[in-house]
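Subject: Handover of a structural model

Dear colleague,

Please find below the sequence and the structure that I am passing on to you. I would be grateful if you would read the notes that come after with the structure open beside them.

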Amino acid sequence: MKYTEGPEIRDTKAPDGPIEERWEKRKFSAKLVNPANKRKLNVIVVGTGLAGGSAAATLGELGYNVKSFCYQDSPRRAHSIAAQGGINAAKNYRGDGDSIYRLFYDTVKGGDFRARESNVYRLAQVSVNIIDQAVAQGVPFAREYGGLLDTRSFGGAQVSRTFYARGQTGQQLLLGAYQALERQVAAGTVEMHTRHEMLDLIVADGRARGIIVRDMVTGEIERHLADAVVLATGGYGNVFFLSTNAKGCNTTAIWRAHERGAYFANPCYTQIHPTCIPVSGEYQSKLTLMSESLRNDGRVWVPLRKNDERAPGDIPEEERDYYLERIYPSFGNLVPRDIASRAAKNVCDEGRGVGPGGLGVYLDFRDAINRLGRDAVEKKYGNLFEMYERITGENPYDVPMRIYPAVHYTMGGLWVDYDLQSTIPGLFVIGEANFSDHGANRLGASALMQGLADGYFVLPTTIGDYLANGPYGDVDEEAVAEAEIKVRNKIDRLLSVNGTRTPDSFHRELGRLMWDYCGMERTEESLRKALERIPELREEFWQNVKVTGTAEELNQVLEKAGRVADFFDLAELMCLDALVRTESCGGHFRAESQDADGEALRDDENFAHVSAWEHTPDGPVLHKEPLEYEYVKMTQRSYK
Amino acid sequence: MNLTLRVWRQKDQSDKGRMVTYKVEDVSPDMSFLEMLDVLNERLILEGDDPIAFDHDCREGICGMCGMVINGVAHGEQRATTTCQLHMRHFEDGAEITIEPWRAAPFPVVKDLVVDRSAFDRIIQAGGFVSVPAGSAPDAHSVPVRKEDADAAFDAATCIGCGACVAACPNGSASLFTAAKITHLSLLPQGQPERLSRAKAMVDQMDAEGFGGCTNTGECTAVCPKGIPLDAIAQMNSDYLKANAK
């Protein structure tokens with residue numbers, strides 16, 4: 001795939017000066033909207049997860065006219081709900097040396113020095129307000145006997161700053177945001193559209209002015225216009241078919257915005273989560289995560305010997321290799337996700353993996369149960385153990401869990417500036433859908449933090465600066481009609497192929513290809529192979545896909561086919577981005593770039609930048625945004 | 001294993017609907033129930049038939065999107081389990097399995113096994129929240145909460161809004177769903193200022209949606225994937241009475 005390089009891109013909204021004053025400075029310089037004018041300003045928010053739900057609720061509270069959209073039957077079902085472990089915040093309630101600066105430092109380091117300092121610092125600052133907000137909403141966080149909030153440790157940190165609600169923190173935080181959103185629906189500030197899927201962005205006179213959606217029940221194509229559009233549509237991990245994402249998660253909204261001019265940043269940064277339940281068969285439809293919090297008490301090991309087929313209980317202590325504790329004595333089982341995943345892959349590649357096909361490692365609670373008692377372990381992790389047993393039929397109190405890495409999160413996403421605005425004026429992108437805060441690897445319990453920081457606190461301030469110059473007047477009818485026709489044509493085309501393969505069969509094949517060639521380890525050869533194969537498969541898709549039914553009804557095959565079509569295009573850009581970035585960093589591991597111990601080796605001289613891709617008819621154009629580190633010294637990460 | 005499925009097919013809300021029989025072969029016991037339906041649907045698509053529409057999303061038992069009445073029981077016979085977490089190892093080879101949508105007047109069928117549960121959102125809109133705009137909250141540690149209260153509030157808050165309680169109830173009552181939210185917020189200091197007005201508004205909305213009343217049969221809690229206890233309904237009734245006595 002050919003690409004060209006364009007001029008550098010800069011974040012012109014980021015304030016300068018001392019880092020701890022930048023967010024204050026930006027909040028003060030951002031224009032305000034007079035309360036009476038807010039009612040005249042229309043904002044569309046797509047997606048109702050932590051970012052979108054909290055943003056729509058907060059914009060409604062501020063008095064804007066908000067329309068909120070989700071593809072599920074209720075905004076409460078967005079996939080943030082499945083987040084298990086917790087949410088980070090620099091409260092330092094433990095007095096264990098935590099601070100805003102330390103959370104900032106850990107996040108920049110955890111992201112392998114590929115995130116912006118200004119953004120990450122703001123995230124750490126705002127983190128404390130999120131906990132306050134959630135508690136006031138009635139989020140039932142875990143508490144100590146004294147009535148104060150409990151915390152636990154997560155990967156990549158040596159302090160205990162993760163707040164949690166058993167293994168269902170995402171659910172409880174999302175329900176908090178959902179309830180705030182429904183309160184605004186009742187108040188009339190937010191109009192809710194469930195079972196609606198965004199299929200295109202309307203750009204008129206250079207500004208984002210609305211969206212084209214499909215009513216998934218009637219099939220009707222609708223146009224919705226506004227003064228600004230906010231995308232909070234999540235990540236694109238389902239490009240791999242098998243991932244921990246919900247089945248409906250897709251790239252369509254951000255991909256089509258990309259086609260309309262929004263740059264796509266760092267598409268190759270994918271997070272492979274180390275602790276998921278291994279694949280059990282060909283029919284597998286998704287993978288289930290086992291929370292990283294389990295690594296607080298579970299010990300990861302494999303047999304010392306290759307192809308050791310004994311039951312785990314029959315393997316004596318001295319014949320077990322607790323490889324994370326051995327290789328990384330200071331962080332042990334709590335190394336960041338990218339490191340834990342690759343270590344699991346390495347021991348399996350050596351032939352020491354366990355379970356069917358040797359694609360698994362043990363996560364063992366024997367010692368924790370002996371130390372704390374079964375009851376204490378059950379209190380902490382009971383629901384996770386139950387879920388594991390339900391899926392595998394094995395009881396983790398008696399036999400160690402088997403886990404293996406799986407695609408979980410995408411750090412890449414649409415490029416945004418400090419205001420969370422994309423390269424299309426009036427198009428804002430928040431949560432996992434943007435690229436902004438996690439660099440090349442996200443730390444555990446930071447996704448919830450970022451989604452809610454963006455939605456409750458950052459976007460509602462920064463979008464005001466843009467809306468203060470509105471309302472933006474009538475929308476050019478030609479632009480709306482063009483977008484609508486494009487959507488209709490794509491649907492007609494999908495329905496007219498009438499081939500011999502289902503959308504899912506193509507999706508599975510694409511996912512397998514991405515996992516093999518652009519997964520945990522990437523090489524020039526594998527990426528070139530993928531870039532050769534993806535266009536062929538896409539061609540076959542458009543010649544041979546079979547979509548049953550019509551456009552004018554609830555048609556889940558049609559929905560799926562449209563999403564798969566966009567995944568092909570995204571997959572190609574991901575592989576290109578991975579090919580161009582010849583260094584290793586965070587979750588992006590190029591086998592050609594590793595140190596003597598097999599750890600990721602960055603190339604700061606050539607790659608200390610964000611890769612922002614522009615979509616043009618002549619192919620992708622790469623714009624680099626240089627990353628500068630004034631506060632955290634760029635070093636090779638070490639968790640040893 | 002080989003199975004015979006009897007599945008409710010209904011083209012849209014105006015269609016009368018009917019049961020249709022399908023044979024499914026070579027089902028692995030490690031498959032989830034929804035994966036078994038995926039396999040059938042892949043075949044139906046290739047045969048040019050309309051695949052069976054059903055709601056699902058996270059497939060890990062937390063989003064609340066999936067839900068079917070399997071052999072007469074909401075989410076199937078395995079306790080404390082959503083349909084997506086039900087695995088085929090719990091069925092016998094050669095079994096006949098009946099699959100129907102949630103049946104309740106306030107949950108009209110949209111297509112096949114898909115129903116409209118928007119009534120639940122309207123019950124929450126009526127008062128299932130604490131009125132606290134973003135940015136206005138005091139420090140999280142300014143109000144300690146007894147651990148027992150926080151834990152009990154969590155147990156109620158764990159409701160996933162799937163609607164199995166309604167489907168199982170002989171009266172088509174949404175009491176367990178409504179009570180779970182009322183109980184969650186009633187147990188916390190943050191929920192106190194709006195406690196009684198919340199209970200009244202939510203219960204009134206539940207009635208207005210056409211859900212039936214509770215007669216303590218307990219079918220709801222028996223099928224609830226999260227095991228929300230029946231006590232929650234007592235809490236709801238108590239708050240509702242107090243609100244009306246005022």
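This is a predicted model: local features need pLDDT of at least 70, side-chain atom pairs count only at pLDDT 80 or more; totals for chains, interfaces and linings use all residues.

Domains of chain A

The domain assignment divides chain A into domain 1, made up of residues 1–269 + 411–630, and domain 2, which covers 273–407. The distance between the C-alpha centres of these two domains of chain A is 30 Å. Domain 1 of chain A contributes 28 residues to the contact, and domain 2 of chain A contributes 29. On the domain 1 side that touches domain 2 of chain A, 17 residues are polar, seven are nonpolar and four are charged.

The contact between chains A and B

Between the chains, 64 residues of chain A are in contact with 67 residues of chain B. Two or more residues on the chain A side come from each of α3 (50–62), α5 (117–137), α6 (169–187), α11 (374–392), α12 (447–467) and α16 of chain A. The element that gives the most to this side is α6(A), with nine residues. By class, the chain A side holds 24 nonpolar, 24 polar and 16 charged residues.

Helix α6(A) also forms a helix pair across the two chains: its axis and that of helix α2 (residues 118–125) of chain B come within 8 Å, with a crossing angle of roughly 85°. The helices α6(A) and α2(B) are therefore roughly perpendicular to each other. From α6(A), the residues A:Gln179, A:Glu182, A:Val185 and A:Ala186 meet B:Asp121, B:Ile124 and B:Gln125 of α2(B). The residues of this contact between α6(A) and α2(B) comprise three nonpolar, two polar and two charged.

A helix pair within chain A

Helix α16 (residues 556–580) of chain A has a crossing with helix α13 (residues 477–497) of chain A, where the axes come within 10 Å at an angle of roughly 110°. It follows that α13(A) and α16(A) are roughly perpendicular to each other. Here A:Lys490, A:Ile491, A:Leu494 and A:Leu495 of α13(A) meet A:Leu558, A:Ala561 and A:Gly562 of α16(A). The contact of α13(A) with α16(A) consists of five nonpolar residues, one polar and one charged.

A three-stranded sheet

Chain A also contains an open sheet of three strands in the order β4-β6-β5, with antiparallel pairing. Strands β4 (87–88) and β5 (151–152) of chain A stand at the edges with a single partner strand each, so one side of each has no neighbour in the sheet. Two bridges connect β4(A) with the antiparallel strand β6 (residues 162–163) of chain A. One of the residue pairs is A:Asn88 with its bridge partner A:Thr162 in β6(A).

The surroundings of A:Pro425

Finally, A:Pro425 lies in the loop between β18 (413–414) and β19 (427–429) of chain A. With 17 other C-beta atoms within 10 Å, A:Pro425 is partly exposed. Setting aside neighbours within four places in sequence, A:Pro425 is in contact with A:Gly206 and A:Arg207. The C-alpha atoms of A:Pro425 and A:Leu201 are separated by 12 Å, although the two residues are 224 residues apart along the chain.

Yours sincerely,

A colleague

How values were computed. Residues are numbered from 1 along each chain as its sequence is written. Chains are lettered from A and ligands numbered from 1 in the order in which they are written. Axes are lines fitted to C-alpha atoms, for helices over the stretch in contact, and angles run from 0 to 180 degrees between N-to-C directions. Helices (H or I, at least four residues) and strands (E, at least two) are DSSP runs, numbered from the N terminus. Angles under 35 degrees count as roughly parallel, over 145 as roughly antiparallel, 65 to 115 as roughly perpendicular and the rest as oblique. Two residues are in contact if their C-beta atoms, placed from the backbone, lie within 7 Å. Ala, Val, Leu, Ile, Met, Phe, Trp, Tyr, Cys and Pro count as nonpolar, Asp, Glu, Lys and Arg as charged, and the others, Gly among them, as polar. A residue is buried if 20 or more other C-beta atoms lie within 10 Å of its own, exposed if 12 or fewer, and partly exposed in between; C-beta atoms are placed from the backbone. Domain bounds come from an automatic or database domain assignment. Two strands pair if DSSP finds at least two bridges between them.
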